[in-house]
Amino acid sequence: MYISILLTFLLGTMSMNSFSQYKEKLPVKNTYPIQVSDAKEDILLKAAHVVPTANQYQALQNEFIAFIHFGPNTFTRMEWGNGMEDPAVFDLKTLDTDQWCEAMKAAGMKMVILTVKHHDGFVLWQSRYTKHGIMSTGFRDGKGDVLKDLTASCRKYGLKFGVYLSPADLYQIESPEGLYGNLSKYTDRTIPAPVEGRPFKNKTMFKFNVDDYNEYFLNQLFELLTEYGPIHEVWFDGAHPKTKGGQKYNYAAWKELIQKLAPEAVIFGKGDIRWCGNESGATRDTEWNVIPFNEDPAGLNNFIDLTEEDLGSREKLWDAKYLHYQQAETNTSIREGWFYRDDTHQKVRSVDDVFDIYERSVGGNSTFLLNIPPNREGKFSPEDVRVLLEVGERIKATYGQNPLKGDKGPKEALDNNTESYAILKEGQKELIFSSAKPIKINRFVIQEAIKTNGERIESHALDIWSNGEWKEIAKATNVGYKRVLRFPDVTSDRFRLRILNSRAIPAIGNVSAHYAQSRPPQLAFKRDLDGLVSIEPLKNEFGWKPHGVDILKNLNMDYHIHYTLDGSNPTEQSAVYDKPLLLKAGTIKAVAIGSGHIVGAEAERVFGIVKKDWHILGFSSEVERYPGKMAIDADEKSYWQSKETGPVQYLSLDLGQKYHLQSFAYTPQRKNGKGMMEKGVIKVSDDGKNWKEIETFEFGNLINDPTPRTYRFKEKITTRYVRIESKVIAGGGKSLTIAELDFFEY
């Protein structure tokens, strides 16, 4: 009690420097137990002395790493298999892991984690303990080994390597001889179990009291950790599509084996690294890695998913029984889904999106784990590679240099070495950095010396010297391993970091200033039924687990939109877009021009006649969720869909008045490859009842390229009533879909 009162007095009255002297009496630990007698001040002091292990710290320094989901699902186009797939469905003919690693290295990634066994139980290496895997496929006559190829490529390109081994195993659940949940007895087992003709070079032996499935799992772990080079992360997924027989996992045995055979590895899903709580790329504004536990993490078999927004604030710490360092890994996919499906309908994240997630995750005290699924040719698809290369170029251009390095300020914080650090002096709550000349920046990076001093800062602000006074330009909460502050462009030669709140005296390991060049966005047009055209940044059509973040706002893009309506190319002298404009028909062109007169890509769109007075006269049929009116609602995301009654379907329109039509455009729906109109006929009517065939048309390759198609009539058609009728639907379909129909008088 006396100690608690003394600490309260010290925390309330001592300067930060005096506090620093006192804190030397409290050692740093990876886990701190909380005593019943601990006051809030005691708990806070302990929290400030929780640090990552050497392995955790190395994992944090990886910053940007890759995930590879590859297996039968790549060929069945499923996200989760059922475990009963014939291994032959993994119809791999070629494999180019060098191409994977070259792209990942160019992106700035430092490690790759391969799903060597997903939930379906299919293995990507030549395991001794199952035939449900690559050894039972035609790839290299059953002798192929994706894991072996990839680890060789990783060594070639200087990448670290990790393995994802799913505890869930549907093959072992579903097959008659399966080991998962077979109610076998726990007995003493030797790991690895000997297999005739395939001895291990590594002679380490383990004795564990386990059941059949845990023995199987440990045997496979032994193979992975001893025969494929150094392993730096073992990834345990918590997802379980199905369980059986009350199967339990002996994590204590798994952990012992991993720590013995892969001493540099961190374990995901357990005590070392935790899931960020979502798969979308969303991040917390405040990501504490020092978090409370009700039990000692060293003895826990299961770690629950932590999805709350607040995990480690002071209020969360007060009820803790243990404080433990467990860092977050922000995992998401570059594609819509974890496995590759196709290059047409499975959208890919934009460069802006990936770069924004990188800055929010790595710059928000976590690690960025980005999945890139190989295609059925055993390569990364071209669009994925393009995004990776551009992201890498942007990271290098933004963070490759620090204009503050070598300038005035605490040298320990400017030497690009987090092992050295600056301690604030008595009564000081700020650090000032001066450059030899004014520099333009829009990023500022701060790192605490967490390896030796823990996470301390709870809130901070950044100021610049402007017009004879300090001006605040950014504010944030915690720092931890790394905080990236983002703000609009500023120019100054003096920068002030203010510590607003801290759990103990902070140790600043590194600061750096940077400039991210704004890239004016690509533009898109949208016209409503009344003819009002809106111009806005083209949104990436990425529909998988949306994170809801305003990417352009985060990236501080400052730009103006200029447009023309006369067919000329827009420039800075062209009209400025500030509100929707009326365009009854014709061509509109626009560009976004950013700071520094950087001109974005020109966008162009030709609009047909306004749809305000259009009406549906009739259709062959409609599905309830996709009515006929959606074919003319000026929204390409909605669509009409007929019932599956055959290839001949139709939609009849009243355009409201007579027009001299020169052409029409068909926009297919893009959610899937169904209902694409490959061949059809145009009909017109004088009364909207009796129809006369005018011309036939044909569109090719719609399934692979579902973009708007325009057909130009051989002669102008003067009519008010028009009918589109399909004759052939791509892929032998029996249902027609239309996202939009447009008609033109030119």
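Tyr-666 is buried, and Phe-699 is buried too. That is where I'll start, and please keep in mind that this is a predicted model. Together, Tyr-666 and Phe-699 form a stacked aromatic pair, 6.0 Å from centre to centre and with 15 degrees between the planes. Tyr-666 belongs to strand S30, residues 650–667, while Phe-699 is in the loop between strand S32 (691–698) and strand S33 (709–729), so the pair ties together parts that are 33 residues apart in sequence.

Which other residues belong to the cluster that ring pairs build here? Besides Tyr-666 and Phe-699, the cluster takes in Trp-614, Phe-664, Phe-697, Tyr-711, Phe-713 and Phe-743.

For the structure as a whole, the count of aromatic pairs is 42. Here is another of them. The ring centres of Tyr-213 and Tyr-216 are 6.0 Å apart and the planes stand at 40 degrees, so this pair is tilted. The reasoning rests on a cut-off: planes under 30 degrees apart count as stacked, and those over 60 as edge-to-face. Both Tyr-213 and Tyr-216 sit in helix H9, residues 212–227, three residues apart, which is about one turn of the helix. Are these two tyrosines buried or exposed? Tyr-213 and Tyr-216 are both buried.

Two rings have a charge over them. At Tyr-251, the charged end of Lys-270 sits over the ring, 4.6 Å from its centre. At Trp-465, Arg-494 lies over the face, 4.7 Å from the ring centre.

Now the helices. H9, which holds the tyrosine pair, packs with helix H10, residues 251–261, at an angle of about 15 degrees, and the axes are 10 Å apart. H9 and H10 are therefore roughly parallel to each other. The crossing of H9 past H10 is right-handed. What does each helix bring to the contact? From H9 come Asn-214, Phe-217, Leu-218, Leu-221, Phe-222, Leu-225 and Thr-226; these meet Ala-253, Trp-254, Leu-257, Ile-258 and Leu-261 of H10.

On the H6 side, the contact involves Gln-99, Ala-103, Ala-106 and Ala-107. On the H13 side, the residues are Val-385, Leu-388, Leu-389, Gly-392 and Ile-395.

Last, the backbone. Most residues other than glycine have a negative phi, and most peptide bonds are trans. There are some exceptions to go through.

The peptide bond from Ile-191 to Pro-192 is cis, and its omega is near 5 degrees. Pro-192 is in the loop between strand S5 (187–191) and strand S6 (206–210).

Asn-416 is not a glycine, yet its phi is positive, at about 55 degrees. Where is Asn-416 found? Asn-416 lies in the loop that joins H13 to strand S14 (422–423). With a relative accessible area of 58%, Asn-416 is exposed.

Asn-467 also has a positive phi of about 55 degrees without being a glycine. The loop in this case runs between strand S16 (457–466) and strand S17 (469–476). Asn-467 is exposed, at a relative accessible area of 79%.

Terms used. Residues numbered from 1 in each chain as written. Predicted model: local features only at pLDDT ≥ 70, side-chain atom pairs only at ≥ 80, totals over all residues. Heavy atoms only, no water. Phe/Tyr/Trp six-rings, centres within 6.5 Å; stacked < 30°, edge-to-face > 60°. Helix = DSSP H or I, 4+ residues; strand = E, 2+ residues; numbered from the N terminus. Buried < 20%, exposed > 50% of the residue type's maximum accessible area, 1.4 Å probe, protein only. Lys NZ or Arg CZ within 6 Å of the ring centre and 35° of its normal. Axes fitted to C-alpha atoms, helices over the stretch in contact; angles between N-to-C directions. Parallel < 35°, antiparallel > 145°, perpendicular 65-115°, else oblique. Left-handed = near helix turned anticlockwise from the far one by under 90°. Contact = heavy atoms within 4.5 Å.
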